[in-house]
Amino acid sequence: MNAPYTIVGGGAIGGTIAFHLARAGHEVLLVDADAAHVAAVRRDGLVLRRAGGDERVRLRAATPEEVDGPLHSVLLCVKAQATAEAAAWIAPRLDPGGHVVSVQNGLNEQLIAEYVGAGRVVGSFVNIFADVVEPGVVRDGGLGAFVIGELDGRSSERVDRLVADLAGAGAKATGNVHGHLWAKLGFGAMLSATALADAPMADLIDRHRPLMHALVAEVFAVAGALGLRLEPFDAFDAAAYAPGAPERAREEATDRLTAWLRTQPKDRSGIWRDIAVRRRPVEVHEHYRPVLARAEADGTPVPLLRGLLARLADVEAGRAPMSEDHLAELGKSE
């Protein structure tokens, strides 16, 4: 099989991107290891479920075993912990002029480059609120920021084409993709913390502001040692959470953030859903592994982030119940 766009990983992010590409008239091949999901897309099309009703597009779908290549423009949308396996599968099938766009959470570009070469990797930052609710059906929780850029910050024809073709998903070009990715890691620390309890994200962030602010500050202290310029996105004002930012700025930023989160149809994070509904390992441990490694190398203390990840591991393994007590206890150690 061959297609102008190959989406590897048809979950919340990949399914949403595939839907918008196909609806815009682009040929799309969706590749997913879930045979039931693939079968449903083949039979009924890919469904985007919204409050106002379902929308459906037709596109090709296959399991990895059914695809030989060559592949040219690949959008890699798997969970972070599946990146190495997916990149190893893509590498021998990618044509010489092809590229892989990491449309994922976390910092996966370097790992992908180890398999396909750094010159064939494009970075992106995505903040999509969606869930796969049944085979072939993605529930749309609203489109957030989506930026695409070369890892070295230069302009390129391939980024221009990607942005044009993904306009329906809100894509824009950036010369600072790393600044977006690290900003998302700060926001993601808040979202990860909310997965420790069964309550809306906005409410938990609101009730535990000092903890949330301190978590973001730890991540941004590591980013600061790298000299990165952190980018704002959606209702998240990264600069307001940087170490040393005025308390009033943080409070006002959190007011805006929680107000925005309360407007979103999806009130709990994908991390919470992985634990509470899908009963599968969360990907945040992979997201923060390079953050912890960099913090260790630079001597930057991140005790709250380490404590958060340890508690998440206990909750997902069933060693501890989901409870807001986790947030209260972490807050006391702040």
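Reader: First up, is G15 buried or exposed?
Author: Keep in mind that this is a predicted model. G15 counts as buried, because its relative accessibility is 0% and the cut-off for buried is under 20%.

Reader: Which helix is G15 found in?
Author: G15 is part of helix α1.

Reader: And what is G15 in contact with, leaving aside its neighbours within four places in sequence?
Author: With those neighbours left out, G15 contacts G9, G10, L46 and V138. As for C-alpha atoms, those of G15 and R139 are separated by 9.6 Å, and these two residues are 124 apart along the chain.

Reader: OK, on to the sheet. What's the strand order?
Author: The order is β4-β3-β10-β9, an open sheet of four strands with mixed pairing.

Reader: Which ones are the edge strands?
Author: β4 (53–57) and β9 (130–134), each of which pairs on one side only. From one strand to the next, the twist averages 30°.

Reader: Where does helix α1 come in, then? Which strands is it touching?
Author: Helix α1, residues 12–23, packs on the sheet and touches β3, β4, β9 and β10 (137–140). The direction of α1 makes about 105° with that of β3.

Reader: Back to β3 and β4. How many bridges join them, and do they run parallel or antiparallel?
Author: Five bridges join β3 (residues 46–50) to β4, and the two strands run antiparallel. A hairpin links β3 to β4 through two residues.

Reader: What stands opposite V47? And which residue is the bridge partner of L48?
Author: R56 in β4 stands opposite V47, while L48 has E55 of β4 as its bridge partner.

Reader: Change of topic: helices α3 and α4. How do their axes cross?
Author: The axes of α3 (residues 83–90) and α4 (residues 109–116) come within 9 Å and cross at roughly 30°. Angles under 35 degrees count as roughly parallel, so α3 is roughly parallel to α4.

Reader: What about the handedness of the crossing?
Author: α3 passes α4 in a right-handed crossing.

Reader: Which residues make that contact?
Author: On α3, T83, A84, A87 and A88. On α4, L111, I112, Y115 and V116.

Reader: And how does the contact of α3 with α4 split by class?
Author: Seven of the residues are nonpolar and one is polar, with no charged residues.

Conventions:
Residues numbered from 1 in each chain as written. Predicted model: local features only at pLDDT ≥ 70, side-chain atom pairs only at ≥ 80, totals over all residues. Heavy atoms only, no water. Axes fitted to C-alpha atoms, helices over the stretch in contact; angles between N-to-C directions. Parallel < 35°, antiparallel > 145°, perpendicular 65-115°, else oblique. Left-handed = near helix turned anticlockwise from the far one by under 90°. Contact = heavy atoms within 4.5 Å. Nonpolar A, V, L, I, M, F, W, Y, C, P; charged D, E, K, R; others polar. Pairing = 2+ DSSP bridges. Buried < 20%, exposed > 50% of the residue type's maximum accessible area, 1.4 Å probe, protein only.
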